[in-house]
Amino acid sequence: MNIDRKRSRFLLWIFLLLIVTACDAETSVLNPHGEGAEHIANLLIFMLIVGAVVYLQVIILFLIALFRRRAATTNDTPDTKPPSRNAQLFIIANGIALPIIILTIVFGFNLVTLAELSPANASADLTIEVIGHRWWWEVRYPDHSVVTANEIYIPTGAQVELRLTSADVIHSLWVPALNGKADLIPGRSNRMYLYTDEAGDYLGMCAELCGIQHAKMQFRVIAQPPEDFEQWLEQQRQPAPSPQDEVTLRGQQIFLGSACVYCHTVRGTNASGVIGPDLTHIASRDTIGAGAVPNTLGNLAGWIIDPQSIKPGNLMPPMYIEGDDLQALLAYLETLR
Ligand SMILES: [Cu+2]
């Protein structure tokens, strides 16, 4: 074996090993943490096993055919003998009967899984509305007057119903660890159920090409024990606190005096825009720009001055706010916990 062959074989092994590492990733369908995802993973593994067995059988038959010699092929006259009765039975069993049986079983398993994913009369413990926007997620808790963005907090051990729709184009919501995909379609309301017993932080994404920033349209589902979830809900229900010192007061005036108010809501003030995410509790969120960057003071400043360099093509224009004004605005936004 020459060096090139050796090297390419080595690289192939590395490649295969790398693929295996993906099985345990946060966003792997083979690593379920919720009821829906478990049903899907079971179906997937069942189909993989059936597929592997069928494939193996085909390969074995192929090899047998390849190496078995027939008397008729030893001379030059073509083999015109019809297949024997046994051979005919074999073809009917393996070529017709077996595929029908296997496909029927797989189809049945699919139907059962579909039914499990969308319980017809499921009584949800909590309803959350998720509205897709280019390129972020509006998240509303209609029974609790809570509005947030790009983070879906849910209690563990509860059946959560997501009502999905879109404000502009078709998006698709996908949290691989918890469930399959569901489309968000303008003018329609789709439903999806989330149930998990495991507290955790599950990454989700848009799974339908929806425009230039489709790839930076992430969100997270944060599953918490019910007590913690109630606490989060209580905190998010509060309107924004009024500024307590001169700097944050100035920051609020700058915010309310800028174009921010046309696009953003801060409950408890006059800002009631609905084009961008609700900022009433922006400081409590972990990321800005739907997972584009972590929510740090520096990133927040960078985002306000030039959101286009962080997330090119997004629908927030650069805001020309500088120096002390920017510092005051940032100090104010930091109070919005
Ligand atoms: Cu999208």
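Q: Where is N150 found?
A: N150 is in the loop between β3 and β4, the latter covering 151–155. Please keep in mind that this is a predicted model.

Q: What is the phi of N150?
A: It is positive, about 60°, although N150 is not a glycine.

Q: And is N150 buried or exposed?
A: N150 is buried, because 22 other C-beta atoms lie within 10 Å, and the cut-off for a buried residue is 20 or more.

Q: Which residue other than glycine has a phi near 55°?
A: That is A290, whose phi is positive. A290 sits in the loop between β11 (287–288) and β12 (293–294). A290 is buried, since it has 22 other C-beta atoms within 10 Å.

Q: Which residues does a cis peptide bond join?
A: R134 and W135 are joined by a cis peptide bond, with omega at about -5°. W135 belongs to the loop between β1 (126–133) and β2 (136–141).

Q: On to the strands, then. What is the order of the open sheet of five strands?
A: The order is β3-β2-β1-β5-β8, and the pairing is mixed. At the edges are β3 (146–149) and β8 (190–194), each of which pairs on one side only. From one strand to the next, the twist averages 25°.

Q: What does pairing involve in general?
A: Strands of a sheet pair through backbone hydrogen bonds, in a parallel or an antiparallel manner.

Q: In which sense do β5 and β8 pair?
A: Strand β5, residues 160–166, pairs with β8 in the antiparallel sense, over five bridges. Within this pairing, E161 has Y193 of β8 as its bridge partner.

Q: What about β6: which way do its residues point?
A: Strand β6 spans residues 171–174. H171 and L173 point one way, S172 and W174 point the other way, and all are buried.

Q: How many bridges join β6 to β7?
A: Four bridges join β6 to strand β7, residues 181–184, and the two run antiparallel. S172 stands opposite D183 of β7. The two strands form a hairpin, with six residues between them.

Q: And how many join β6 to β9?
A: Two bridges join β6 to strand β9, residues 200–206, also in an antiparallel run. L173 has C206 of β9 as its bridge partner.

Q: Changing topic: which domains does the assignment give?
A: The domain assignment of the protein chain gives domain 1 (22–117), domain 2 (126–237) and domain 3 (246–334). The centres of domain 1 and domain 2, taken over C-alpha atoms, are 38 Å apart.

Q: How many residues does the contact take from each of domain 1 and domain 2?
A: It takes 13 residues from domain 1 and 13 residues from domain 2. On the side of domain 1 that touches domain 2, helix α2 (residues 35–67) gives the most, with four residues. By class, that side of domain 1 has five nonpolar, six polar and two charged residues.

Q: Which residues touch the most other members in the largest nonpolar core?
A: They are V130, I152, L194 and V221, in a core of 53 residues. Helix α9, residues 323–334, supplies the largest share of this core, four residues. Domain 2 and domain 3 each contribute at least three residues to this core.

Q: What does V130 touch?
A: Leaving out residues up to four places away in sequence, V130 touches W137, V139, I152, L162, L164, L173 and L184.

Q: How far apart are V130 and I14?
A: The two are 116 residues apart in sequence and 41 Å apart in space, from C-alpha to C-alpha. I14 lies in helix α1.

Q: Is I14 buried or exposed?
A: I14 is exposed, because it has 10 other C-beta atoms within 10 Å, and a residue with 12 or fewer counts as exposed.

Q: Where does L18 lie?
A: L18 lies in helix α1, residues 3–21. L18 is exposed, with 9 other C-beta atoms within 10 Å. L18 and Y202 are 184 residues apart in sequence and 22 Å apart in space, C-alpha to C-alpha.

Note on methods: Residues are numbered from 1 along each chain as its sequence is written. This is a predicted model: local features need pLDDT of at least 70, side-chain atom pairs count only at pLDDT 80 or more; totals for chains, interfaces and linings use all residues. Two strands pair if DSSP finds at least two bridges between them. Axes are lines fitted to C-alpha atoms, for helices over the stretch in contact, and angles run from 0 to 180 degrees between N-to-C directions. Domain bounds come from an automatic or database domain assignment. Two residues are in contact if their C-beta atoms, placed from the backbone, lie within 7 Å. Ala, Val, Leu, Ile, Met, Phe, Trp, Tyr, Cys and Pro count as nonpolar, Asp, Glu, Lys and Arg as charged, and the others, Gly among them, as polar. A nonpolar core is a set of buried Ala, Val, Leu, Ile, Met, Phe, Trp, Tyr and Cys residues joined through C-beta atoms within 7 Å.
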